[in-house]
Amino acid sequence: MMKKWLASMGLLLLLNQPAVTAMDISPYKPGQLLTAEQAKELADRYASRKVQDWKPAPDKKTIEGKPDADLIGYGIQVLDKTIETIGPRVSDVNKRYSGNSLNCSSCHLKGADGLPGTKYYAIPFNNVVNDYPNFRARSMTIGTLQDRVNGCMVRSMGKGKPLPADSREMKGVLAYFAWLAEGTKKDMAMRGTGLPTAELPDRVADIDNGKLVFEKNCLACHGANGLGLKAPDYAETAKYTFPPLAGDDSFNDGAGMSRMIKATLFIHSNMPLGTSADKPALSIGDAYDVAGYVESLPRPGRVGREKDFPDPNFRPLDYPVPEYFKGDIEALNRAKYGPFTKVGKDK
């Protein structure tokens, strides 16, 4: 039996600047704690927005001559060369915001234009300024763009630190997002953003098969046990030639990519490197098993993870936090490896 899973993904690096945000949240306000009824109303409103066609990034040449061209360029650098710019071993200790060896573009993949977060159905940034502020089930509040980017900084970037609102890094990423959104329609969703829908196997992930598929298709880049391929200058820079999917240099267990459903959809649409959503290389079953294998590997723990998703009715099905299940090991393992028996949405 197969279940259809909706994947309107909100795992995007975003910033809170009213001048470029376009999601209508009235009568609510950023930071407001919502009741379950309010949360459902806003989530339904978000899901029912009109959908505009995919809009590729503008021509890179249009950056030249803009008043904030340098800032846009720096935002691109932060997102695509995160390790070198704000990584844990950069020379300026005050710039060490990221806590691992991933670049933002490790998950928000580059399109044919070479820009971070511009690949169709690879969690792109093209429409992010039209998606926030918005309800975040993780906190039951109206999350701002700044909240969202800093959520990624302390989860996807391991033991990272939030970017200050007035930092050049935050402003640079914002400038890039604003440039990407030129010509988009405000308060509308966009095709090709987030990850596509798919049907997942209604079974427990087969970790043994996932390991075999990983070793055949993924090991050449991501290394044995998903530990990545370190660059020759790793000791000085913490850089990798290909990113680690496990271990201390990877995302922690509070990150969106640490969850089975999201990881499966990402792998199916984008991996191995060069795969596209319209021509997947792996079957959905193999992608599901690979996701299970990757999630079985050790990674940093997110302190305070049990405080996420305080309302059980808004918790994702694939977030295996022991405190949620009060000793029910079967339910905990089901949240980690499936099967997932009802439609789940990213929170």
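# Exercises on a predicted model

The structure is a predicted model, and its second largest pocket is lined by 42 residues, with S106, H222, F242, P243 and M271 lying nearest the pocket's centre.

**Exercise 1.** State which helices and strands each supply at least two residues of the lining of the second largest pocket, and describe the lining by class.

*Solution.* 
Step 1. Begin with the space: about 910 Å³ lies in the second largest pocket.
Step 2. Go through the elements. The helices that each supply at least two lining residues are α3 (82-86), α6 (207-217), α7 (219-222), α9 (260-270) and α10 (284-296).
Step 3. Sort the lining by class: it has 25 nonpolar, nine charged and eight polar residues.

**Exercise 2.** Decide whether α9 and α10 are parallel, antiparallel, perpendicular or oblique to each other, and list the residues that meet.

*Solution.* 
Step 1. Take the angle and the distance: the two helices pack at about 125°, and their axes are 8 Å apart.
Step 2. Angles of 65 to 115 degrees count as roughly perpendicular and those over 145 as roughly antiparallel. The angle therefore makes α9 oblique to α10.
Step 3. Note the handedness: the crossing of α9 past α10 is right-handed.
Step 4. List the contact. From α9 come M260, A263, T264, I267 and H268, and they meet I284, A287, Y288, V290, A291, G292 and E295 of α10.
Step 5. Sort these residues: eight are nonpolar, three polar and one charged.

**Exercise 3.** Describe the backbone at P27, P133 and M140, and place each residue in its loop.

*Solution.* 
Step 1. The peptide bond from S26 to P27 is cis, with omega near 10°. P27 sits in the loop between β1 (2-5) and α1 (36-47).
Step 2. The bond from Y132 to P133 is cis, with omega near 0°. P133 belongs to the loop between α3 and β3 (134-136).
Step 3. M140 is not a glycine, yet its phi is positive, about 60°. The loop that holds M140 runs between β3 and β4 (141-143).

Notes. Residues are numbered from 1 along each chain as its sequence is written. This is a predicted model: local features need pLDDT of at least 70, side-chain atom pairs count only at pLDDT 80 or more; totals for chains, interfaces and linings use all residues. Side-chain values use heavy atoms; hydrogens and water are left out. On a 1 Å grid over the protein atoms alone, a cavity is a set of points where a 1.4 Å probe fits but cannot get out, and a pocket is an open set with protein on both sides within 12 Å along at least five of seven lines; lining residues have an atom within 4 Å of a point. Grid points are joined across faces, edges and corners, and a volume is the space filled by probe spheres set on the points. Helices (H or I, at least four residues) and strands (E, at least two) are DSSP runs, numbered from the N terminus. Ala, Val, Leu, Ile, Met, Phe, Trp, Tyr, Cys and Pro count as nonpolar, Asp, Glu, Lys and Arg as charged, and the others, Gly among them, as polar. Axes are lines fitted to C-alpha atoms, for helices over the stretch in contact, and angles run from 0 to 180 degrees between N-to-C directions. Angles under 35 degrees count as roughly parallel, over 145 as roughly antiparallel, 65 to 115 as roughly perpendicular and the rest as oblique. A crossing is left-handed if the near helix is turned anticlockwise from the far one by less than a right angle, and right-handed if clockwise. Contact means heavy atoms within 4.5 Å.
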